[in-house]
Amino acid sequence: MLKTQTSLSTWSQERNMNWLVLLGLVAFSECIVKIPLRRVKTMRNTISGKNMLNNFLKEHAYRLSHISFRGSNLTSHPLRNIRDLFYVGNITIGTPPQKFQVIFDTGSFFLWVPSIFCNSSTCSTHIRFRHLQSSTFRLINKTFSIIYGSGRIKGVVVHDTVQIGDLVSTDQPLGLCMEESGFEGVSFDGILGLSYRNISFSGVIPIFYKLKNEGAISEPVFAFYLSKDKQEGSVVMFGGVDHRYYDGELNWVPLIKAGDWSVHMDRISMERKIIACSDGCKVLVDTGTSDIAGPRRLVNNIQKLIGATPRGSEYYISCSAVNTLPSIIFTINGINYPVPARAYILKDSRGRCYTTFREHRFSSSTETWILGAVFLRLYFSVFDQGNDRIGLAPAV
């Protein structure tokens with residue numbers, strides 16, 4: 001017994017030394033990925049008062065359990081709606097498992113959580129991974145840096161066991177964040193990317209690819225149902241589609257290319273007048289973004305058309321406008337997807353109404369829009385990696 005304790009102590013010291021040596025390589029072997037938009041409104045921007053964020057989370061805490069459908073490989077995993085701003089779900093990492101709340105994000109491909117070595121004020125408010133407590137933890141000689149629209153993270157790539165409900169990925173590459181900025185006041189710990197593999201991260205296999213390659217899921221498909229208003233009820237499903245979550249038939253839209261979840265949009269219109277995307281444009285379907293985002297000039301024009309006025313970083317509007325303003329229609333692959341005023345106008349904690357249209361930070365010659373949770377609460381979405389397409393249908 002004494003020999004075992006000595007061995008474990010030596011093993012821990014060696015691992016800790018390797019860890020510190022690896023941290024010294026950050027400046028020399030960094031893989032940098034830029035993600036133009038990652039705007040997630042913080043709870044502190046929406047809930048006023050010093051302790052209201054913590055009180056809200058305590059009052060609305062509940063256990064996120066998974067639901068597996070018998071007779072199929074479809075696994076449905078619950079998500080938690082945080083005031084219609086973003087959706088989080090539980091995963092575990094390591095052996096024994098350590099639990100984290102992450103955003104399941106189609107706008108990025110990488111899985112990361114904070115490390116216990118991250119001492120920034122942002123990291124200290126999140127659950128941090130304790131690598132020395134995991135017997136399946138493994139270091140590799142890679143570092144990473146990701147620049148989001150709202151901040152930046154930097155850290156090291158490691159391997160460990162990751163579990164999403166019944167789905168288990170052993171020796172899964174993931175990031176441990178050492179430096180974090182721009183994620184203050186949010187109640188999620190990390191991000192689980194579900195986009196296509198990024199060639200900048202050679203050798204790093206995204207978790208969805210790994211689950212598919214190892215046969216954990218029968219079909220290379222995942223889907224989202226995002227609830228309206230309610231905290232519970234939202235799900236992400238892997239390996240198939242539960243048809244109870246949408247009405248009618250799925251409308252399939254081919255991807256522009258098999259690299260991200262972007263499709264061609266025909267136009268954006270209001271009261272039969274085209275107000276944006278007049279010559280067709282690109283649209284990214286992004287579960288990690290809360291709003292609808294587009295180029296500044298076109299977004300500003302929409303704000304004027306609906307009568308919204310700027311106040312700080314928000315555009316506010318009379319709450320009575322919800323009953324009078326028309327729907328804004330997004331036409332994709334010949335199908336109209338109306339977004340009514342009750343969906344694109346939300347109310348903050350002070351009872352003021354604001355619009356959910358935002359400018360993004362893409363510097364592209366191609367007009368690009370992003371459809372986030374505002375759109376996806378109305379339309380059930382299926383991401384079919386096997387056929388490089390997205391399916392949309394009215395959510396129930």
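The torsion about the S-S bond of C118 and C123 is about 75°, so this disulfide (a pair of cysteine sulfur atoms within 2.5 Å) is right-handed. The model is predicted: local features require pLDDT of at least 70 and side-chain atom pairs count only at pLDDT 80 or more, whereas totals for chains, interfaces and linings use all residues. Residues are numbered from 1 along each chain as its sequence is written, and side-chain values use heavy atoms, with hydrogens and water left out.

The sulfur atoms of C118 and C123 lie 2.0 Å apart, and both residues are buried (under 20% relative accessible area; exposed, over 50%; partly exposed, in between; 1.4 Å probe, protein chains only). The sulfur of C177 is 4.6 Å from its closest cysteine sulfur, that of C123, which is too far for a bond. At 0% relative accessibility, C177 counts as buried.

Three disulfides are found in a search of the whole structure. In the pair C277 and C281, the sulfur atoms are 2.2 Å apart, and a torsion of -105° about the S-S bond makes the link left-handed. C319 and C353 form a disulfide with a sulfur separation of 2.1 Å; the link is right-handed, with 110° about the S-S bond. C319 is partly exposed, with a relative accessible area of 29%, while C353, at 4% relative accessibility, counts as buried. Counting bonded cysteines along the chain, the disulfides follow the pattern 1-2, 3-4, 5-6.
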